[in-house]
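Thanks for coming, everyone. I have one model to walk through today. Let me put it on the screen.

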Amino acid sequence: MKFKSTLALAVGAAIAFSAPPTVAQENKTLKVGALVTLSGAGASWGRGMLEATELAASKYNEAGGIEVGGETYDIEVIAYDDSYKANEAVSAANRLVYDDEVKYIIGTVGSAPILAIQPITEKEGVITMTLGFTSEALSPEKPYTFRPNLTTAEVAQPQIDWVVESQGIETVGALFPNDETGEQIAKDVSASYERAGAEMSAIEFFERDQVDFVPLLTRIMSEGVDAIELDGNSPETAGQIVQQARDIGFEGAIIRTGGPATAEIVNVAGAEAAEGMFVHAGLDPSKDSVNAYITEYEETFEHSMNGFSPFFYDGANMLFQAMQEAGTVEDTDAVRKALESIESYEGVLGELSWTGEDRYGIAHQIDAPFYVAQVRDGKEEIVATCDIEGCE
Amino acid sequence: MSFLIIQSLVNGVILGLLYLLMAIGFTLVFGIMRVVNFAHGEFYMLGAFAAYFAFAVAGLPYPVAVAGAFGGAIVLGAIIERVVFRPFRGDELSGMIASIGLALILQNLALIAFGPDPLSMPSLVSGAYNWGGIILPKSRVVVILGSMVILAIFYYFLMHTRTGRALRALVQDREIAAAYGVRVELMYPLGLALGAALAAMAGAFMAPLFGVSPFVGGTPLLKAFIVVILGGLGSIPGAVIASMLLGLIESTTSTFFGASTADIVVFALVIAVLLVRPSGLLGHKEA
């Protein structure tokens, strides 16, 4: 442990104080774009992705550069902010592809931005690594797009199967915001519970600015449900639902399928009301590699790490490895094929491979371990380890 | 079924009382200053933050936190009346627009100072009273009792003190009140300060129920606005009736027909009242 933190400190200090590399004057430059959200909503995700890329690049640069096909390159990360907007992403993509002439882009954060830049990046053969949750981001017609993080589509079913079986849940109630997103999630989640052998017996929709859920919860509880599902609600709303459900005496299970939000939910609901909740967890903090990454990240950048960051650290490293295996940084078609063929990559998150042939028609979706956690004293405690096939 | 009806009525009364604390301050400010104060929700938000810092961070007793929110809002409200609203006296439209600007400024200052993430306000009590199957969440009972004490004090102040009478006189007719020696220059800041303080105390009370973040003021403002439109701008008895009505309608229709239906019924009622009685249930016609 001591060794690790000393090492991390040394790397952090090295990054902080490094002068432009003088030993590697003859190195060529490998430009990597980071087209992420750095302002407004989604900025914490974008920052986590950018800094993961910088951290991965700095590892190679510290060691004198990355060797590809007999040449040594210094990796330069060029960052642009898309403000989570499709139109700004397009102008940034134009600059990255045509002015900066990058062949690799880490980004975008949002679904609309990735769909907006794909006509450029796919046409020019630029490899992108997006966080965007939309199922349309990956398809056989878009062979240069990869997604190094899990989405709800991957994690929902295994988690729901596990919770339903282990808790003996038969009926589930849920509240969703009354809009397009809420209705879509309601449909997906209901189907998942049905496949798991439970019934979504009470579904309520509410307007997004609502803060009092007691009447709706009264209605749901009068149906006698075994559990309440919170997927599709903002962390703040989810926290209010948890607190108010416990306030009016709901004793069944509370389940949060989907994105990382535990800390915020506990903040709003209070540790006591959130006790025993089942949540999705992307990271296992008891894993040494995860811990080391978090420590190094926080020491390097001096702020807390977003949960998606390690996915992009691993993703960027897989990309660099693919370049080395393909022996080229110019021929992105060869790099793409090398990236596709990486299997059982040992990353920070554990063993990583590509999947998604069935769901998207192309295996460009990361297959990473994830977890079901239960809230204990306001903290996540891993109770099941999952992959796309299932949990145990 | 009858159990559900009683439960939803109980929920509705609780909800109505929560809305009342917010609406009284809003209607008072309108009655005295003729300003539709869109910054009212932000005083709620500041009160919630004040309670959070006093209670959750500094560890002071909860009543002290509420009193702190009250005191802070009195001072802030008086200053704001002096700086922002005084130039717009008698100019309802400009005053309203100034209040929207003030709301934006306060909310964004809170965003800069406290960040966008919801903060953790610990509950005072947890669990529920169960009376023959009718459930009363203890946290709400505490809020209701607190609100009733405050409303009782406020009622006494307004009805039985010299200053309260002066404020009421001002609501009824500014010029006559001034002619009878009501000190308008003191009463205006006091009116806004009291309105702000009621909102801030509502925020302090409801922080454990609905959370603390720079954006918590929006919903209570909307509810207060509906209550005051229904009850009549400036009418305190109207606010009492309208907030109970709103709470009961929201609770029963949500429980039996769903949340979207509740919104439809509430706004249909608002439109109907505006058509039949444009000045609200107990409002006075404009002179």
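This is a predicted model: local features need pLDDT of at least 70, side-chain atom pairs count only at pLDDT 80 or more; totals for chains, interfaces and linings use all residues.

The peptide bond from A:G107 to A:T108 is cis. Its omega is near 5°.

A:Y84 has a positive phi, near 65°, and it is a residue other than glycine. Where is A:Y84? In the loop between β3 (71–81) and α3 (86–99) of chain A.

Now the interface. How much area do chain A and chain B bury between them? About 2300 Å², with 50% of it on carbon and sulfur atoms. Chain A puts 24 residues into the contact, and chain B puts in 33 residues.

What about salt bridges between chain A and chain B? The count is one. The partners are B:R140 and A:D212. Their closest N and O atoms are 2.7 Å apart.

Pair one is in chain A: helix α8 (residues 235–247) and helix α9 (residues 262–269). Their axes are 8 Å apart, and the packing angle is about 45°. That angle makes α8(A) oblique to α9(A). The crossing is right-handed. Who makes the contact? From α8(A), we have A:P235, A:E236, A:A238, A:G239, A:Q240, A:V242 and A:Q243. From α9(A), we have A:E264, A:I265, A:V268 and A:A269. By class, the contact of α8(A) with α9(A) has six nonpolar, three polar and two charged residues.

Pair two is also in chain A. Helix α12 (residues 309–326) and helix α13 (residues 332–340) cross at roughly 115°, and their axes come within 8 Å. This crossing of α12(A) and α13(A) is right-handed. On the α12(A) side, the contact residues are A:M318, A:L319, A:A322, A:M323, A:E325 and A:A326. On the α13(A) side, they are A:A334, A:V335, A:A338 and A:L339. How do the residues of the contact of α12(A) with α13(A) divide? Nine are nonpolar, none polar and one charged.

The hand is left: α2(B) passes α4(B) in a left-handed crossing. In α2(B), the residues are B:E42, B:M45, B:L46, B:F49 and B:F53. They meet B:A103, B:L106, B:Q107, B:A110 and B:F114 in α4(B). By class, the contact of α2(B) with α4(B) has eight nonpolar residues, one polar and one charged.

The cis bond runs from A:G107 to A:T108. The salt bridge between the chains joins B:R140 and A:D212. Over to you for discussion.

Terms used. Residues are numbered from 1 along each chain as its sequence is written. Chains are lettered from A and ligands numbered from 1 in the order in which they are written. Side-chain values use heavy atoms; hydrogens and water are left out. Axes are lines fitted to C-alpha atoms, for helices over the stretch in contact, and angles run from 0 to 180 degrees between N-to-C directions. Helices (H or I, at least four residues) and strands (E, at least two) are DSSP runs, numbered from the N terminus. Angles under 35 degrees count as roughly parallel, over 145 as roughly antiparallel, 65 to 115 as roughly perpendicular and the rest as oblique. A crossing is left-handed if the near helix is turned anticlockwise from the far one by less than a right angle, and right-handed if clockwise. Contact means heavy atoms within 4.5 Å. Ala, Val, Leu, Ile, Met, Phe, Trp, Tyr, Cys and Pro count as nonpolar, Asp, Glu, Lys and Arg as charged, and the others, Gly among them, as polar. Buried area is the accessible area (1.4 Å probe) that two parts lose on being put together, summed over both. A salt bridge is a side-chain nitrogen of Lys or Arg within 4 Å of a carboxyl oxygen of Asp or Glu.
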